Amino acid sequence: MNYKNIALTALAAAIATGCATQPTEQVNAHEWIQDKEYNLTILHTNDNHGNFWQNKYGERGMAARATLVNNIRNEVNAEGGSVLLLSGGDINTGVPESDLQDAEPDFIGMNMIGYDAMAIGNHEFDNPLDVLAKQEGWAEFPFLAANIYKDGERMFDAYKIFNKSGIKIAVIGLTTEDTANIGNPEYIGEVEFKDPKQEAKKVIAELKATHNPDVIIAATHMGHYLNGDNGSNAPGDVQLARYLNEGDLDMIVGGHSQEPVCMEGDNQYANFKPGQDCKPDQQNGTDIVQAHEWGKYVGRADYTFINGEFTLQSYNLIPINLKKKVKNADGKKVRVLIQDEIAQDQVVFDTLKPFQDKGQAALNIQIGESNGLLQGERKIVRNNQTNLGRLIATAHMQRAKADFAIMNSGGVRASIEAGNISYKDVLTVQPFGNIITYVDMTGAEVMDYLNVVGTKTRDSGAYAQFAGISMTVSGDHVTNVMIADKAIDLAATYRFTIPSFNAAGGDGYPNITDHPAFVNTGYVDAEALKDYIQANSPININDFAPTGRIKHL
């Protein structure tokens, strides 16, 4: 960002919002030396989702992440540079060992690694607000969110100012407004998620008037959508950069869409593979980065700063002991490291190991087996009917003695590999602790409901998985609806299940909790799935193949 004097418009905006201003000489003062080049490295991760520990293949994990970050810090500091470490949020939800302990090991690990700040993710609201407050107390770094309000006041700091070698850096936190739809309605009823774009504009005006930072970075949890095409999702980082004045933001450190933002030409994703070069997106003078998910990578952006000019020199997504499959001399597929192994920091390892052991003790009990992959991969289950989506819906349908079942794909968090199935596998797939609910509706009511839910846009968590029903989806309505292989009778009554999250309006589904025939069963979704697998093991995946029951025109 070019070093600028305070604009009168910025002062006016700050005064209009009630911000106190400092004398011009003080605001304009800077500590950096004219014509001297400074080096600043921004490190980042996002969408941790409980992955404090390495997976069964020795990939990821905070102990190895700590080693990598410390090595980079030592390297940069030795060369006279500075490092800032940011998170794009979603520390919570996804790994049972973490979920059962309210992500305490994750925040302990982040403290030990030395995070400077984090954006608030939508999954920070998967738990009651007192759990979020407890997590904020554990963290030795600020939670940032300019656009989250409660009782008319911001719940968190809007920004944090850092001084790195005399360079004044402002980091703003922003959270997707979709949290109002995809967060747990039980916990966010009194929370307001304002338009992050508008809040960013106000905060930037305030910053320029009161601090006049040399660099402004947004740590966001809004998602990166190619060329701003966000579909049914709320606007993301591309729209944010385009909404602001050119260069208002130097950098966006993102999250939420859980992908490596690596570009090939203008507004086109590269076919990125671990270990390859990665070119960040740039929109309206703003560099936009995202480091996929689960601590698979640490993003490294090396900048120079001279006379107010902040320029990206290099960028990498560094894999944390990720592996690929290759054939060995015997023709068998084995996993090998993509890059040199990163050793685990022993102090971090020893600190987090008791949390891992405590979590595993209750989880590694086999409950069944399957003869093939049960598909729950995010990019597949949010775009297609899958055998796992149908299995979950079937388990709910059977538990409630319903005619059919609806399951939001955003509640399917992972696949289950072929072979033995443990309770941990089930909790990894369904970590939210939603309750199975059902409602009895007439066929006419069901059609109205399906015209909303059955037509949810693909590539979003709202996209529905079904069991016990078939239909044709065309635009904003459904036709050819069959329940139990019979055409729907508009005058008949049908029972269907829906997760409590969606029943209360989550994902933009109709809120049906006030329907006179609505029932909260009290059954936790993961428990119902576990019981179904135990009762029907071994699971034959062919029994749950979607086989074209939901057709899209």
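Strands here are DSSP runs of E at least two residues long, and helices are runs of H or I at least four residues long, numbered from the N terminus. With that in hand, welcome to a set of close-ups of a predicted model.

**View 1. His292 sits in the loop between β13 and β14.** Strand β13 covers residues 286-289 and strand β14 covers residues 297-306, with His292 in the loop between them. Is His292 buried or exposed? With a relative accessibility of 17%, His292 counts as buried, because the cut-off for that class is under 20%. Leaving aside residues up to four places away in sequence, His292 touches Asn46, Asp47, Gln258, Glu259, Pro260 and Tyr297.

**View 2. Six strands make up an open sheet.** Reading across the sheet, the order is β4-β3-β2-β1-β14-β15, and the pairing is mixed. Which strands form the edges? They are β4 (143-144) and β15 (309-319), each of which pairs on one side only.

View 3. The loop in question lies between β15 and β16 (323-327), and Asn321 is part of it. The phi angle of Asn321 is near 55°, a positive value in a residue other than glycine. Asn321 counts as buried, because its relative accessibility is 6%.

**View 4. One disulfide links Cys262 and Cys278.** The structure holds one disulfide, and its partners are Cys262 and Cys278, with 2.1 Å from S to S. The link is left-handed, with -100° about the S-S bond. What does the pair tie together? Cys262 and Cys278 each lie in the loop between β11 (251-253) and β12 (281-283), so the bond connects parts that are 16 residues apart in sequence. Cys262 counts as buried at 1% relative accessibility, and Cys278 counts as buried at 5%.

**View 5. Asn267 belongs to the loop between β11 and β12.** Asn267 is found in this loop, and its phi is near 55°, which is positive although the residue is not glycine.

**View 6. Strand β21 is largely enclosed.** How many of the eight residues of β21 (residues 435-442) are buried? Six of them are, so the strand is largely enclosed by the rest of the structure. Strand β21 pairs with β27 (residues 518-524) through four bridges, and the two run antiparallel. In this pairing Thr437 stands opposite Asn520 of β27. Strand β21 also pairs with β26 (residues 493-499), again in the antiparallel sense, over seven bridges. Here Val439 stands opposite Phe496 of β26. As you look along the strands, keep in mind that side chains in a regular strand alternate between the two faces of the sheet.

**View 7. Gly236 is buried in the loop between β10 and α10.** This loop joins β10 (215-221) to α10 (237-243), and Gly236 is one of its residues. The relative accessible area of Gly236 is 0%, so it is buried. Which residues does Gly236 touch, not counting residues up to four places away in sequence? They are Met222, Gly223 and Tyr225. Thr220 is 16 residues away from Gly236 in sequence, and the two are 8.8 Å apart in space, C-alpha to C-alpha.

View 8. Looking through the whole structure for cavities of 30 Å³ or more gives one. The largest cavity has a volume of about 60 Å³. Its lining consists of Gln385, Arg390, Phe466, Ala467, Gly468, Ile469, Pro546, Arg549 and Ile550. Sorted by class, five of these residues are nonpolar, two are polar and two are charged.

View 9. The bond from Ser537 to Pro538 is cis, with omega near 0°. Pro538 lies in the loop between α17 (525-536) and β28 (550-552).

Notes:
Residues numbered from 1 in each chain as written. Predicted model: local features only at pLDDT ≥ 70, side-chain atom pairs only at ≥ 80, totals over all residues. Heavy atoms only, no water. Pairing = 2+ DSSP bridges. Disulfide = S-S within 2.5 Å. Buried < 20%, exposed > 50% of the residue type's maximum accessible area, 1.4 Å probe, protein only. 1 Å grid on protein atoms, 1.4 Å probe; cavity = no way out; pocket = protein on both sides within 12 Å on 5 of 7 lines; lining within 4 Å. Points joined across faces, edges and corners; volume = space filled by probe spheres on them. Nonpolar A, V, L, I, M, F, W, Y, C, P; charged D, E, K, R; others polar. Contact = heavy atoms within 4.5 Å.
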